[in-house]
Amino acid sequence: MPRLVVAAPSSGSGKTTVATGLMAAFAERGLAVSPHKAGPDYIDPGYHALATGRPGRNLDAFMCGPELVAPLFAHGAAGCDLAVVEGVMGLYDGAAGRGELASTAQVAKLLRAPVVLVVDASSQSRSVAAVVHGFASFDPQVRLGGVILNKVGSDRHEAMLREALEEAGMPVLGVLRRAPQVATPSRHLGLVPVAERHADALAAVAALAEQVRGGCDLDALMALARTAPPLSCEPWSPEAASPAFEAAASGRKRGGATAYERPVVAVAGGAAFTFSYAEHAELLTAAGAEVVTFDPLRDEALPEGTGALVIGGGFPEVYAPELSANEPLRAAVSAFASAGGPVAAECAGLLYLARSLDGKPMCGVLDADARMSERLTLGYREAVAVSDSSLAAAGTRLRGHEFHRTVIEPGAGSAPAWGFTHPERRVEGFVRQGVHASYLHTHWAAEPSVAARFTGAAAAWTAAVRDAAAARP
């Protein structure tokens, strides 16, 4: 599998611009391009998917463990001609206080992939050689294969940069001039997701492809990608990873046999709920669920036969008035949760289940109120399930990620969802009947039993509703 890792000395250097543009430019050549993102970010993979027509996938060595990085990569890249991995932060930046863990450099080493360094050259000339030399020599196991210079101001500026890098023996694989017309709008948590600006995002991706095609040596980049040696791992498989849910929880006896049904797991989508990992739906399907999406901004009812709800991350604070105005769906979610239906809510889902968000009525499932805050809560967490829930048995350990500018009061219910053990110790989230609601984003590939457990809860709920309906006169 030819593959490249696109990295940078620091955030803001242009990794997303270059990685997305490369994906789109190679896809335009008729190649099947597999898009990947190092770290937990949900937003960049949306642009990657738009550029390639394939799901953007994350490679996070903290949440999933280093041992799963290559297998998850191989799963996503199966059948493709080229894989492009966008890095996170600076090349050597990882989980705080954990050395290289979860850094782009670690991902590159685990994938045995050459690295292309994107350098913001806007305020330097010969010094660029010192910067690149430092990054190339810092860890000999990281193979820096070339540089793409970003935000170059003029032909003269380009000539000085090329001369300096030639002296350092580092190939220049591309030069991109300043191009504000392809800038992607940002707000409090990063880029505006694709789902909120699909037409504009399509135009931006097309412009990025044109810019990269005109400024980068695609043939040289492909040749570099082909130098990556074979990976020795087996691809990750949701079917192999997912344990079957228990018959006692998912079926009922009929003449000595157990009748299984595929429970419907309804997953929130649309512009307000855009944060999800592709592997979650794959694990639910492998565990026996029928995954159906719904849009809380537009749909006034839950999908027919809903046996469980997954309400992931996103930007409900941006759409609070519209979400609040959809009273029929809020009532349906409240009724489902109040009756004991299984619900897994992360971050945005937590806010949607609250009594209110910035003063706007939400579903009222939780006796808590949420609001925007000036403070950004960001970082990896190590967590243990405090209470038995439809998602996790008490004692289940997972690593996750918090990323929000909101607060919810209280921050935990009488039965908390998680106890954080690192970097600080505290309890967080809510478990109530079938509801598991928390700020913590998790990656279920690290612990596939949660998908199987949740599918089992959905099947049990579906069977109970069916039996109750059959018993009515």
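Good morning. By class, the lining of the second largest pocket comprises 25 nonpolar, 13 polar and 2 charged residues. The model I am presenting is a predicted one. The pocket itself holds about 830 Å³ of space. Of the 40 residues that line this pocket, those closest to its centre are Thr274, Phe275, Ser276, Tyr277 and Ala278.

Which elements contribute to the lining with at least two residues each? They are α2 (43–52), β12, α11, β13, β14 (306–311) and β15 (343–346).

Let me turn to three of these elements. The chain passes from β12 through helix α11, residues 278–286, to β13, in a right-handed β-α-β crossover. Within this pairing, Val265 has Val291 of β13 as its bridge partner.

I now come to the aromatic residues. The whole structure contains 8 aromatic pairs. In one of them, the ring centres of Tyr42 and Tyr277 are 4.5 Å apart and the planes lie at 20°, so the pair is stacked. Tyr42 belongs to the loop between β2 (33–38) and α2, and Tyr277 to the loop between β12 and α11, so the pair ties together parts 235 residues apart in sequence. Are these two residues buried or exposed? Tyr42 is buried, at a relative accessible area of 11%, and Tyr277 is buried, at 2%.

A second pair is edge-to-face: Phe273 and Tyr352, 5.6 Å centre to centre, with 65° between the planes. Phe273 counts as buried at 4% relative accessibility, and Tyr352 counts as buried at 0%.

Finally, ring pairs link Tyr42, Phe275, Tyr277 and Phe315 into a cluster. Thank you.

Terms used. Residues are numbered from 1 along each chain as its sequence is written. This is a predicted model: local features need pLDDT of at least 70, side-chain atom pairs count only at pLDDT 80 or more; totals for chains, interfaces and linings use all residues. Side-chain values use heavy atoms; hydrogens and water are left out. Two strands pair if DSSP finds at least two bridges between them. Helices (H or I, at least four residues) and strands (E, at least two) are DSSP runs, numbered from the N terminus. A crossover is right-handed if, with the strands pointing away from the viewer, the path from the first strand over the helix to the second runs clockwise. On a 1 Å grid over the protein atoms alone, a cavity is a set of points where a 1.4 Å probe fits but cannot get out, and a pocket is an open set with protein on both sides within 12 Å along at least five of seven lines; lining residues have an atom within 4 Å of a point. Grid points are joined across faces, edges and corners, and a volume is the space filled by probe spheres set on the points. Ala, Val, Leu, Ile, Met, Phe, Trp, Tyr, Cys and Pro count as nonpolar, Asp, Glu, Lys and Arg as charged, and the others, Gly among them, as polar. Rings of Phe, Tyr and Trp (its six-membered ring) pair if their centres lie within 6.5 Å; planes under 30 degrees apart count as stacked, over 60 as edge-to-face and the rest as tilted. Buried means under 20% relative accessible area, exposed over 50%, partly exposed in between (1.4 Å probe, protein chains only).
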